[in-house]
Every structure is written in C-alpha cells, then in structure tokens.
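This report describes a structure with its sequence, for a reader new to the subject. Please look at both before reading on.

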Amino acid sequence: MPVLEREDARVWRRRTTGESLIRWFGWLLGVAVFVYCWQIISASTTWFFVWDAPRIANDIWTRATPPRWEYITQLGRPIWDTLNIATLGTMIALCLAVPVAFLAARNTTPSALIIRPIALLIIVSTRSINSLIWALLLIAIIGPGVFAGVIAIAIRSIGFCAKLLYEAIEEIDHTQVEAITATGASRWQVMAYGIVPQILPAFAGIAVFRWDINIRESTVLGLVGAGGIGLQLSASLNVLAWPQVSLILIVILAAVVISEWVSAKVRGAII
Amino acid sequence: MSDITLDQMLGRGWKKPPFVKRAWLRWTLIIGFIVYLIAAVSTIEVDWGRVYDGLDRGWQFVLAFTSPDFTSRWTDIWEGLLESIVMTVAASVVGILISIPIGLGAARNIAPLPVYVVCRGIVAISRALQEIIVAILLVAIFGFGPLAGFLTLSFATIGFLSKLLAEDIEAMDKVQAEAIKASGARWTQWINYGVQPQVMPRLVGLSMYRIDINFRESAILGLVGAGGIGATLNTAFDRYEYDTAAAILIMIIVIVMALEYLSGIIRARVQ
C-alpha cells in the first residue's frame, strides 16, 4: 500500500510516486498528440469559410425547404435499384461467407495451419475496406451501374458475415455433433444434422442484420456511380438543386428507419 | 413436441423439422422470395460485354497487389494517410468527450425525462444519418478539408458511443449506486464512485472499437472532399494507377489490422 511519510504521520495514497508520474506523462503525451492533430487540421482549414458557416447553413436551409415533393415520381426506380443492390448483395455475400466461415472456424477447418489463416485473411481484408472503395474499384473494372454496386456490397459483406458465422460455429454444443458422429454419419451428414441446425438461427439473424446495414450503404453507393438513389443525390448536388436533395435525404432517412424496423422485428421473431 | 411420447415416435420415419413452423407462412415466404428474386434479377441491366472487357483490367489489379508501388506517389500517400490518422485521433477524442455527458443523459435511470428525450433525440439523429451524407452537408457548409471530416467523425462517434454507453448504464447494478447515495454523496460523487467504475471497462473497450471504425470511415471521406486518404485513392483509380491504389489499400488493411490487434489487447486488459 503506497503511503507518504509526512511529519511522522502516514498518509494513504492511491498510487506510488512513480505510478502517478507515469500516468501524468501519459496524459501529457495524449494532450500533446491531440493538440498537434488539431494544429494540422486547423492549418489546412480556411477559417474564413468556417466563420461564414452559419450564414451558409442558413442559406442552404432556405434553399432546401420546402422539398420538391413532385420529384418523388422519378425516385421509384432508384429506390427499387437500391433495394435490389442491398438484397442481392447480401445473398451473394451469404453464399460466399458460409464456406469461408466453415474453413475459418477452429472446430470445422480442414487444416488449421494453412487454410484457416487464408480464410481469416479473406475475412479481415474484405471487412477493412469500405463498400464505397470496393464500388470505386469495381466501377473501374466492370463499368458503372447497378451490377458493380451489387458486387461491391457482396464483397464487403463477406468478411462481416463470415466473422460472425464462424464465431457462432465455434460456440456450438459439441455433444450433439458427437451424437451424430456416433451413429456412423459421414462428414457431410454430421455437418447437415449436427452443426447446421445449431447455427441456423444465428445465420438468419446475421443475414437480416447485414441486410439492414447494406440498405444504408447502398443508398450512398450511387455517389461514385454504382447505381441506386445515390446517383440521383449526386446529380442533384452537382446542379445545386437543393429542394431535390432535401427530398432524397428524407427518402433515404425513411428507408433506413424502415429497414431497421423490419430487421428488428425479424430478429425478434427468430431469437 | 413434449406431448408426443416415446412409444408414438418409435418405428416411425423421422424428418428434419422445418425452420419456419407454420406451413402457410413458410410457403408464402418461399414463393414471395422467388417472385422478388425474378423481378430483381430481370431489372438489373448487366452489360456482359463490358464486364468481359473489364476482366482483363481486374486481373491487372490483382497482379498489382503482388507488386504494389509505394515509392512513386509516396508523398501523396503519406500526406493522405497522415490526414486520415489526424482526423481519426482528433475526432475520437472530441467524440468520446462529448458522448459521455450525452450517454449519461440518455440513460433513463439517471436522467430526468426532459434531458432523456433530448439526448435520445441527438443519438437517433446521429445514428440515422450516414457518415458520407453528413460529410457532404458539412463540406457544403464548412468548405473542403479535414475540418469537415473531423466534424463528421465526431458526430458519428457521439451517436454510436452515447447509445451503447447509455444501454450499459441502464443495465448496471443498482445496489452499488444506491450504497454510494446512502453515504450522503453529492450527484457528481454519486456518478464518479457509483456509476463510473461499473461502466468504465466497457467504455474503454467501445472507445477503442470506435477509433478502429473512425479510421476505416476516414478512408472514404476524401471521396466527397472531406480530407484523408480517400482523395488520393480516388485519383489513383481514376488514372488507372493500380499499383499505387494497391499500395494504399494494403496500408489501410495493415493499419486496420494493427488497430484491431491493439484494441483486442487493451480490451482484454481492462475487462
């Protein structure tokens, strides 16, 4: 217990002198790093624009209200495209994520030394790159359009779904698998009757959860040209048609809220 | 299931139980799904000739990963990465500091109703708007540069952290907090000694996780002019400099992996 001797009285302290010095230096270093970061940001900012910001924000607000409601007739097809990008992308991702997850789970992988690291690498690399970047890349390769958006969403979702799924596979009840094995089932029969029924609820939950996230992401994919309502958003922004922008933002917000509600309901019904 | 005795089950064939128990619901779901699938696939226009032409470029991109070019655009890459990191650090610090009071306010067992409603409202708005849309608006208001990105990430951090922190506070052990209150503590002392020690490990873990997310998001904010590595990456794609793009992507993946590893260690230590 650290104590301080002072005029032959012993005073209790929480930390020794060394410990509190280390902590103090840690905080100092943290504050210094933050101040340095702030300086870099402030150096590359035009402060005149920032002081002018309230006026600009007010200006944009007056231009954007009221939204141009009749524009909604032209938004039907983009919304349908957005829905398709999210749904088809999620389905393709799930088809690809299942084998990756089985290869990555410790208890089902055929080889922990070679195949498991490869599967984990696929999971990490697809997960750490945002779907917008995948869309940029795919547009350069296969041209702009809805198809590039579907593939971008699919690739981005593989890592996410496979990670959650392989964690679910690793947490299964082993006794059931053993019981199926004891009946003399083959490897694939053990998979189908011992493992799959146990992870099916988790699988459905992951699918709906990712679908919800993908609806969000697919609304902005159009900004780089990958189809969906984002195309209309970027076109309206480019011609500074603020009443259309505000209507599109309202539609996107509604889509996000509805998809979150659907996903919460379905997950509530499953679990 | 439980009202069927063993005698009734013996000697009968066994079929796998269906995942959705009600037959009409199962068939409606299956048929509806197939109809949707046909409709969705038939409305996607894929220019297969363009895709076939692009495969060549795709293969070049895959090859570029084996020989990424770090050197020829190194100053641009370095500037972009530094800006991304600076934005991440500054936005995480500010976002975490602001999200703590909002998180306290959004917990029903601590805050009075008016405060609760206001804080929940802030959380809901911040979570419903995607980063990239917020970034577009903030770039329009504050001008190009990392300040818009910094504000976007801070705003997104507030929604994420406050919500999870508030949920953690609502689920805390009431007895400890009550004991502190019974000893005659002031409100600040009550928060400091009764509530904070219970939620601190989770707050640290969530903050680390959010830093990780912020870095990933900062990589795309450059696409709309909000600073960071995204602008460099976009330029590299536009000029078909796949080796530079591959180098940037590899650096993003490596940094994300390092951050994930680091946050894993820190979370394991505090929990």
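## A helix pair in chain A

H9(A) and H11(A) are roughly antiparallel to each other, a label for angles over 145 degrees. Helix H9 of chain A covers residues 187–221 and helix H11 of chain A covers residues 242–270; they pack at an angle of about 180 degrees, with their axes 9 Å apart. The axes are lines fitted to C-alpha atoms over the stretch in contact, and the angles, from 0 to 180 degrees, are taken between N-to-C directions. Helices here are DSSP runs (H or I, at least four residues) and strands are runs of E (at least two), numbered from the N terminus.

The model is predicted: local features need pLDDT of at least 70 and side-chain atom pairs count only at pLDDT 80 or more, while totals for chains, interfaces and linings use all residues. Residues are numbered from 1 along each chain as its sequence is written, and chains are lettered from A and ligands numbered from 1 in the order in which they are written.

Which residues bring the two helices together? On the H9(A) side they include Pro201(A), Val208(A), Phe209(A) and Trp211(A), and on the H11(A) side they include Ile252(A), Val256(A), Glu260(A) and Arg267(A). Two residues are in contact if their C-beta atoms, placed from the backbone, lie within 7 Å. The residues of this contact divide into 11 nonpolar, 4 polar and 4 charged. Ala, Val, Leu, Ile, Met, Phe, Trp, Tyr, Cys and Pro count as nonpolar, Asp, Glu, Lys and Arg as charged, and the others, Gly among them, as polar.

## Loops

Pro66(A) sits in the loop between helix H3 (53–64) and helix H4 (76–104) of chain A. The peptide bond leading from Thr65(A) to Pro66(A) is cis, with omega near -5 degrees.

Leu240(A) is in the loop between helix H10 (229–238) and H11 of chain A. Leu240(A) is not a glycine, yet has a positive phi of about 55 degrees. In chain B, Tyr240(B) is found in the loop between helix H10 (229–238) and helix H11 (242–270). Tyr240(B), not a glycine either, has a positive phi of about 55 degrees. Are these residues buried or exposed? Leu240(A) counts as exposed because it has 11 C-beta neighbours inside 10 Å, and Tyr240(B) counts as exposed with 12. The cut-offs are 20 or more other C-beta atoms within 10 Å for buried, 12 or fewer for exposed, and partly exposed in between.

## Chain B as a whole

Chain B has 11 helices and 0 strands. Its radius of gyration is 26 Å, well over the 18 Å that the globule rule gives for 271 residues, so chain B is more spread out than a compact globule. That radius is taken over C-alpha atoms, and the rule is 2.2 Å times the number of residues to the power 0.38. The C-alpha trace of chain B spans about 70 × 70 × 35 Å along its principal axes. Of the 271 residues of chain B, 38% count as buried.

The contact between the chains takes 45 residues from chain A and 44 residues from chain B. Helix H6 (residues 131–142) of chain A gives the largest share of the chain A side, 7 residues. By class, that side has 34 nonpolar, 10 polar and 1 charged residues.

Definitions and conventions. Angles under 35 degrees count as roughly parallel, over 145 as roughly antiparallel, 65 to 115 as roughly perpendicular and the rest as oblique.
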